[in-house]
Amino acid sequence: MSEALREVPDARQQADVEERAENLDTAEAGQGGGRGDTGSEAWRARIRRATRRVIRLLSRPGPWKRGLVLAASALLLGLLMLLHAQLTDRGGLGSLVETFLPWFGLFVPVLLAGALWRRSASAVLALLLPVVAWLSLFGGLLLDKSQSGGDLTVVSHNVGAENPDPVGTARDLAASGAYLLALEEMTPQATVTYGKELAKAYPYHTVQGTVGLWSKLPLSGTRPVDVVRGMVGPLAKTRLVDVSADPPRALRTTVATAHGPLAVYVAHLGSVRVVPRDGFWTDSRDFGAVALAKAVAAERNERVVVLGDMNGTTDDRALDGLTSQLHSAHEEAGAGFGFSWPASFPMARIDQILVRGVEPKSSWVLPSTGSDHLPVAAGISW
């Protein structure tokens, strides 16, 4: 039986005791009146009743004493959001928490409902910590920071190795009107299809392994970037057995724009997996994030755009090397959370458009294609 249910019979018992005590005091006062000291006995009875009431009120679980477990839970939730970077990453725990960190805000209304039901003032006050923590982390995403204009529209899309309709996906992406179109997770067969379908709208393109860039502007200086440590995920099924090395999953090229050269990176970092023995396995992704961050750090061009499936959010510590050098176009010029995966019920933004030396004007998510990811887009300006 819960504490709340026990309080009802306890209160009734207390009321019965009070009533009997008052009747007894009244009777004593009446008897005393027969002896000629009615006023003195009545006064002492009142003092006894007042003393018992004070003691009873102090002993009851008041609003500050009720719901201490709820208050402790609220404080732990707030500390988790504030200090998520200090959480251990053993078994990928820290990375997993940071991937879905925005969703921890859903615990606030649950705890608030419990606090109101228990009439716990301490729990309500404790909830201020997670509310302030969540707003400090994600409150800015609730605002629409997009602006009109933009010199160049870029799109990034993990087209999905198991995409049943690459032709339809290519046509949908071409209809976006993007000047730069980065594709990731292309199989050898699908690469041919995308090349044919996009050739008319994009006269320039380059493909390195499983990633490619289609452009309306000239490209030069293209080279692969090594971000691979073991092929995992859907692409592993498409690898040819007689190939000794994994195909590239990242490239770097230079786009000739009217405002000067723009260095563009297209990357698909390693997949993450939930492994029963090792927990949230991120080794391949983490290796690629470090390698890509080093390549960007060595980039001589001041204007840089990084497009791709990073298999991690910008809150994930694994991407610190990138986010310390680049800015998220969506965080600076988007509206809402911009979740891109999974396409059926987006829960995290793991597809990123990161920039340096250019100004994001807008950022948005495109409609679903045949992939399990949603395409992401941004308008940038000089």
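Trainee: Which residue stands opposite Leu354 in strand 12?

Mentor: Ser328 stands opposite Leu354. This is a predicted model, in which local features need pLDDT of at least 70 and side-chain atom pairs pLDDT 80 or more, while totals for chains, interfaces and linings use all residues. Residues are numbered from 1 along each chain as its sequence is written, and side-chain values use heavy atoms, without hydrogens and water.

Trainee: In what sense do strand 11 and strand 12 pair, and over how many bridges?

Mentor: Strand 11 and strand 12 (residues 351-356) are antiparallel, with two bridges between them. Strands pair if DSSP finds at least two bridges between them. Strands are DSSP runs of E with at least two residues, helices are runs of H or I with at least four, and both are numbered from the N terminus.

Trainee: What is the strand order in that open sheet?

Mentor: The order is 5-6-7-10-12-11, six strands with mixed pairing. Strand 5 (219-224) and strand 11 (327-328) are at the edges with a single partner strand each, so one side of each has no neighbour in the sheet.

Trainee: Which strands does helix 10 touch?

Mentor: Helix 10 (residues 283-297) packs on the sheet and touches strand 7 (260-268), strand 10 (304-309) and strand 12. Contact here means heavy atoms within 4.5 Å. The direction of helix 10 makes about 175° with that of strand 7; axes are lines fitted to C-alpha atoms, for helices over the stretch in contact, and angles run from 0 to 180 degrees between N-to-C directions.

Trainee: Turning to the other open sheet, what is its order?

Mentor: Its six strands follow the order 3-4-2-1-14-13, and the pairing is mixed. Strand 3 (204-208) and strand 13 (359-365) are the edge strands, each pairing on one side only. From one strand to the next the twist averages 15°.

Trainee: Parallel or antiparallel: how do strand 1 and strand 2 run?

Mentor: Strand 1 (residues 152-158) and strand 2 (residues 180-184) run parallel and are joined by five bridges. Ser156 stands opposite Ala182 of strand 2.

Trainee: On to the helices: at what angle do helix 3 and helix 7 cross?

Mentor: The axes of helix 3 (residues 68-82) and helix 7 (residues 128-138) cross at roughly 20° and come within 7 Å. The two helices, helix 3 and helix 7, are therefore roughly parallel; angles under 35 degrees count as roughly parallel, over 145 as roughly antiparallel, 65 to 115 as roughly perpendicular and the rest as oblique.

Trainee: Which residues make the contact?

Mentor: Among them are Ala74, Leu75 and Gly78 of helix 3, and Pro130, Ala133 and Trp134 of helix 7.

Trainee: And how do helix 3 and helix 5 compare in direction, parallel or antiparallel?

Mentor: Helix 3 and helix 5 are roughly antiparallel. Their axes cross at roughly 160° and come within 10 Å, helix 5 being residues 107-118. The residues that meet include Leu70 and Ser73 in helix 3, and Phe107 and Arg118 in helix 5.

Trainee: One last topic, the backbone. Which residues does the cis peptide bond join?

Mentor: The cis peptide bond joins Trp341 and Pro342, with omega about -10°. Pro342 lies in the loop between helix 12 (329-333) and strand 12. Elsewhere, Arg119 has a positive phi of about 55° although it is not a glycine, and Arg119 lies in the loop between helix 5 and helix 6 (121-126).
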